[in-house]
Amino acid sequence: MPFLNIESFAKKQVAGVQDYSLLAGRAVANLFTAPRYWSEIWSQMDSIGVGSMPIVILTGFFTGCVLALQSATALKEFGAVNKTGGLVALSMVKELGPVLTGLMVSGRNASGMASELGSMKVTEQIDAMRALGTDPIRKLVAPRLFATVFMLFFLTIISDAVGIAGGALVSTTLIGLPWSSYIADSYDKLLYGDVVAGMTKPLFSGFIIATVGCYFGLKTTGGTQGVGKATTEAVVVSSVFIIVVDFLVTRLMIGIFGS
Amino acid sequence: MAKSARPIEDLHPDAPVVDFANVSIGFEGKHVLKDISFRVERGQTMIILGPAGCGKSVLMKLANGLLSPDSGTIKIFGQEISAMDERQMFGLREHIGMVFQESALFDSLSVEDNVAYRLHEEHMPEDEAHTKVVEALKFVELAAAIAKFPSELSGGMRRRVSIARAIITAPDLILYDSPTGGLDPITSTTIVELIVKQRDVSHTTSLLITHRIQDAFTLATHQFNKATGHMEPIPNGGIDDSTRFLILNEGSIVFRGSTQELVRSEDPWIREYLA
Ligand SMILES: Nc1ncnc2c1ncn2[C@@H]1O[C@H](COP(=O)(O)OP(=O)(O)OP(=O)(O)O)[C@@H](O)[C@H]1O
Ligand SMILES: [Mg+2]
């Protein structure tokens, strides 16, 4: 049995990648042509952007705090505690801000999209939408794609900012660094290339979250049980993709900016 | 209710509204429908009967292009849909109303927005759309539920909202998938009455799936009386001559014809099924 299944398994994976690419391609294409569902875009921006704000602020803030604590301890050995600010800022902006925000929003919204579209699929609401003359990709996927990419970009900036602020708070209160030296060092170390690299990542993560979440939602089969499975798969796949693509983008950015 | 902007039936006035020729479809290697051919002429009501799981809903989704056949051709209003892409299908679907087996109302929208879905998509002005929604809900006798959400409705009420959503644009073809399925006899009769009313008032071509043979015979033997606003038996044991029957079993057609032909059928399987 397992031997027979390898072929059909491979076929299924290839078909899956093909379907996913088609969906992503059509969603992007739909963003550039009318009609656009603005009210849907606004409500998704609200649910993704405003709704994710608390978790993004909390994770960003405490990541900044813990980063300051860890780097100060390590830097003390070399007598370089005053470099804490730069280290926190660089780590937050280049790596932790974008990745953690992506993962948090993936856990919250890729799952949300998969379960919402999945329930619509199993209760035939997607078919009903098609029967009523609306393209579900245009009405459901494209607005989620646009809203996620747009909002994740700003959520990442917020995460970076509160992370640096959290680091500053820990550095001044627990480590005893003067506020001005923390900020000055952060500002010195952050280069244009780092900021661009850090800001490029959420564009990819947002794309992954929305397309993977919607893809698993729209291909749901097997009733409510299938919805649960689609939700889990969406979060797992989008999280792994975010980390893999983070690596690829980092490599690319090092190629471009050389650091 | 105003007719759709472009009367599609004028495109091919003599073509049957629905025309299946040698249609087959399967899922994951399992055949569901095998070599199905039938036609529905303008103004006819085709009642589809058959045991559970024999492929009735699949057949209806094929007629609306929600599924595409593995082989064979399907023509709707004389246009071959098996060759169309999804975008061309949207144009055609403007003329088709569909009532899904489980109603398939949008949970996130109120009854009003569900019924007005198509009108909103066409950017009809809000007050005009509202008037039409009220009219459609009155037709299904649910005007009081306009502000409710689908989760607050009973199964029979959802079915009626779903009918209102399907008929609001006065489509040229209506597909009813088990509109009385899982309902008590009284509610079923209310829904059958709505279908008879739609048939006799608008003369819309329709396909109707049902599990309840008594509903099928009620449809064939009753007419809508505009004066009383209720349906009544056709006098002298008369039969509605636009009613046709299609019986499926295990993916194949076992009977196709008029009500008289069905009652006179000698086929043992059909006799047992009707009994
Ligand atoms: N999307 C699908 N994927 C796989 N199999 C399907 C799909 N849709 C239908 N089937 C299969 O096709 C067969 C016919 O299904 P269909 O829903 O048409 O039955 P039905 O005649 O409408 O039954 P019921 O009277 O219970 O509504 C069933 O065996 C079902 O498992
Ligand atoms: Mg069915």
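## Strand pairing in chain B

Two strands count as paired if DSSP finds at least two bridges between them. This is a predicted model. In it, β6(B) and strand β7 (residues 173-177) of chain B pair over four bridges, in the parallel sense. B:Ile96 faces B:Leu173 of β7(B) across this pairing.

The pair belongs to an open sheet of six strands in chain B. The order is β6-β7-β8-β3-β11-β12, with mixed pairing. β6 and β12 (252-258) of chain B form the edges, each pairing on one side only. Neighbouring strands are turned against each other by 15 degrees on average, direction ignored.

## Helices across the sheet

Two helices of chain B are placed against these strands. Helix α6 (residues 155-167) of chain B lies across β6 and β7 of that chain. It runs at about 170 degrees to β6(B).

Helix α7 (residues 185-202) of chain B lies across β3 (45-49), β7, β8 (205-209) and β11 (243-249) of chain B. Its angle to β7(B) is about 165 degrees.

## The magnesium site

The magnesium ion (ligand 2) has B:Ser57 (OG) and B:Gln101 (OE1) as its protein donors, 1.9 to 2.2 Å away.

B:Gln101 counts as partly exposed because its relative accessibility is 26%, between the cut-offs of 20% and 50%.

## A kinked helix in chain A

Helix α3 (residues 84-122) of chain A has a kink of about 55 degrees, centred on A:Met92. A:Glu124 follows α3(A) and has a positive phi, near 65 degrees.

Technical notes. Residues are numbered from 1 along each chain as its sequence is written. Chains are lettered from A and ligands numbered from 1 in the order in which they are written. This is a predicted model: local features need pLDDT of at least 70, side-chain atom pairs count only at pLDDT 80 or more; totals for chains, interfaces and linings use all residues. Side-chain values use heavy atoms; hydrogens and water are left out. The bend at a residue is the angle between axes fitted to the seven residues ending there and the seven starting there. Donors are N, O and S atoms within 2.8 Å of the metal (3.2 Å for Na, K and Ca); water is not among the atoms, so sites may look incomplete. Buried means under 20% relative accessible area, exposed over 50%, partly exposed in between (1.4 Å probe, protein chains only). Axes are lines fitted to C-alpha atoms, for helices over the stretch in contact, and angles run from 0 to 180 degrees between N-to-C directions. Contact means heavy atoms within 4.5 Å.
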